[in-house]
Amino acid sequence: MIPMVDLKIQYHALKAEIDQAVLGAIESTQFILGPNVTSFEKETAAYLGAGHAVSCASGTDALQLAILAAGIGPGDEVITTPFTFIATAEAICYAGATPVYVDIDPKTFNIDPKLIEEAITPRTKAIIPVHLFGQPADMTAITAICTAHKLMLIEDCAQSFGAATGGTMTGTIGSFGCFSFFPSKNLGCYGDGGLITCGSAEDAEQLKVLRNHGSRVRYHHSIIGYNSRLDDIQAAILRVKLRKIDEFTAGRRRVAHLYSELLGDIATVPHEDGNGVHVYHQYTLLTDRRDVIMAKLAEKQISSAIYYPIPLHRQDVFAKACATVSLPVAEEVASRCMSLPIYPEMPEESVRVVAQTIREALAD
Ligand SMILES: *Cc1c(COP(=O)(O)O)cnc(C)c1O
């Protein structure tokens, strides 16, 4: 049996350190905005090379709080990719703004910068690229567009912790970088968690107020805020795992490169931009025979998944608003993509078994 991810292997490898960290957090009884939260924020900002890092309750909240801190609201349009997890668009909608979808690059699956300018209107306030599957979006081109049109740039880094482009970590290029610590993400906690990076001290202060009931001083409330904090137990776990993140990334890249070597002649394997570091949150192929491959893998008890089967503009919730929208690349990729098991500790033998099973499926 080969799962998509195996969180147990990692827990068992780190059990002594994690158990000690969790027990320490419990013993301190500073459960909300405690010392591990402050330390984790500092350590993450240092690791990423970000000016500031403000943790919160989830990746979805990180996006929502960043969008609010950016001053985006009702009547505004925000350009993003249709080929992402729904949370990217949900966060735009929570603020009362409208997501405007721009088609993707067929090689990287990320928003295609060449198509962005024609989607800009007087109402456009921001661009939210997603570094999908751990591959950095084309930030040079996107940053230039944001500068030329005076748009905010918010990065969805939920799948890209540790990914870099041009020597710079994702999450430190735009005004805000939004991270998720959902358990299966590259840096995952043992529940929900998220974090926002930003360069401006003023923005960091605003995010801290927003995540804590609009309050800077206890029981003084300047704005309507939220209850969106990372708890100290999760921060304690994340501090242990942050110290290993480079090993995790190296493990994911090792698995991905072996898959690409074994499958490059029979499927379209992930493209790696030479200018960046892809951290392989997912390993996603394109093939015309997805059904045959997935059936064969299932028969051998090997997991596989489709990320994502339906682009956002074709989801029921957006279907009416996007009735006239046509994004052929996203639609084509959604119909041909499939993702294989990948996690940092995945044994080489398992990678070979998955690849061999795919070869057999295509030979049948
Ligand atoms: C996981 C994910 C999110 C949301 O993160 P949560 O922590 O689950 O709220 C947002 N955007 C993308 C691209 C994601 O993969």
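Reader: Let's start with Gln301: is that residue buried, exposed or partly exposed?
Author: In this predicted model, Gln301 is partly exposed, with a relative accessible area of 48%. That value lies between the two limits, because buried means under 20% and exposed means over 50%.

Reader: And where does Gln301 sit?
Author: Gln301 belongs to the loop between α9 and α10. Most residues other than glycine have a negative phi.

Reader: Which tyrosine also has a positive phi in a residue other than glycine?
Author: Tyr280 does, with phi near 45°. Tyr280 is located in the loop between β12 (276–277) and β13 (283–286), and at 1% relative accessibility that residue counts as buried.

Reader: What about the peptide bond from Tyr307 to Tyr308, cis or trans?
Author: The bond from Tyr307 to Tyr308 is cis, with omega near 5°. Most peptide bonds are trans. As for its place in the chain, Tyr308 lies in the loop between α9 (290–299) and α10 (316–319).

Reader: Switching to the ligand, how many residues surround it, and which are the closest?
Author: The ligand is surrounded by 16 residues, and the closest are Gly59, Thr60, Gln159, Ser180 and Lys185.

Reader: What distances do you get from a ligand oxygen to the side chains of Thr60, Gln159 and Lys185?
Author: For Thr60, an N or O atom of the side chain is 2.5 Å from an oxygen atom of the ligand. For Gln159 the corresponding distance is 2.8 Å, and for Lys185 a polar side-chain atom lies 3.1 Å from an oxygen atom of the ligand. Taken alone, the ligand exposes 380 Å², and the protein buries 92% of that area.

Reader: Which pocket does the ligand sit in, and which helix gives the most to its shell?
Author: The ligand sits in the largest pocket, and α3 gives the most to the shell, with three residues. Both α3 (59–69) and α4 (87–94) supply at least two residues each.

Reader: New topic: how much of helix α7 is buried?
Author: Helix α7, residues 232–242, is mostly covered, with nine of its 11 residues buried. Among the buried ones are Ile237, Leu238, Val240 and Leu242, along with Asp232 and Lys241.

Reader: What covers those buried residues of α7?
Author: The cover includes α1 (7–28), α2 (35–48) and α8 (245–263). At the start of α7 there is also a side-chain oxygen of Asp231 that reaches to within 3.2 Å of the backbone nitrogen of Ile233.

Reader: And Thr170, is that one buried or exposed?
Author: Thr170 is buried, with a relative accessible area of 0%, and that residue lies in the loop between β7 (168–169) and β8 (176–180). Its contacts, leaving aside neighbours within four places in sequence, include Leu48, His131, Pro136, Glu155, Cys157 and Phe179.

Reader: Last one: what does Ile116 touch?
Author: Not counting residues up to four places away in sequence, Ile116 touches Ile79, Val102, Ile111, Ile127, Ile142 and Ile145. Ile116 is buried, with a relative accessible area of 0%, and is found in the loop between β3 (98–101) and β4 (124–128). Thr108 lies in the loop between β3 and β4 as well, and at 18% relative accessibility Thr108 counts as buried, because the limit is under 20%.

Technical notes:
Residues are numbered from 1 along each chain as its sequence is written. This is a predicted model: local features need pLDDT of at least 70, side-chain atom pairs count only at pLDDT 80 or more; totals for chains, interfaces and linings use all residues. Side-chain values use heavy atoms; hydrogens and water are left out. Buried means under 20% relative accessible area, exposed over 50%, partly exposed in between (1.4 Å probe, protein chains only). Helices (H or I, at least four residues) and strands (E, at least two) are DSSP runs, numbered from the N terminus. Contact means heavy atoms within 4.5 Å. A polar contact is a pair of N or O atoms within 3.5 Å; within protein, one must be able to donate a hydrogen and the other to accept it, and residues adjacent in sequence count only if both atoms are side-chain atoms. A residue is near a molecule or strand if one of its heavy atoms lies within 4 Å of it. Accessible areas come from the Shrake-Rupley method with a 1.4 Å probe; for residues, only the protein chains shown count as cover. On a 1 Å grid over the protein atoms alone, a cavity is a set of points where a 1.4 Å probe fits but cannot get out, and a pocket is an open set with protein on both sides within 12 Å along at least five of seven lines; lining residues have an atom within 4 Å of a point. A molecule sits in a cavity or pocket if more than half of its atoms lie within 2 Å of its grid points.
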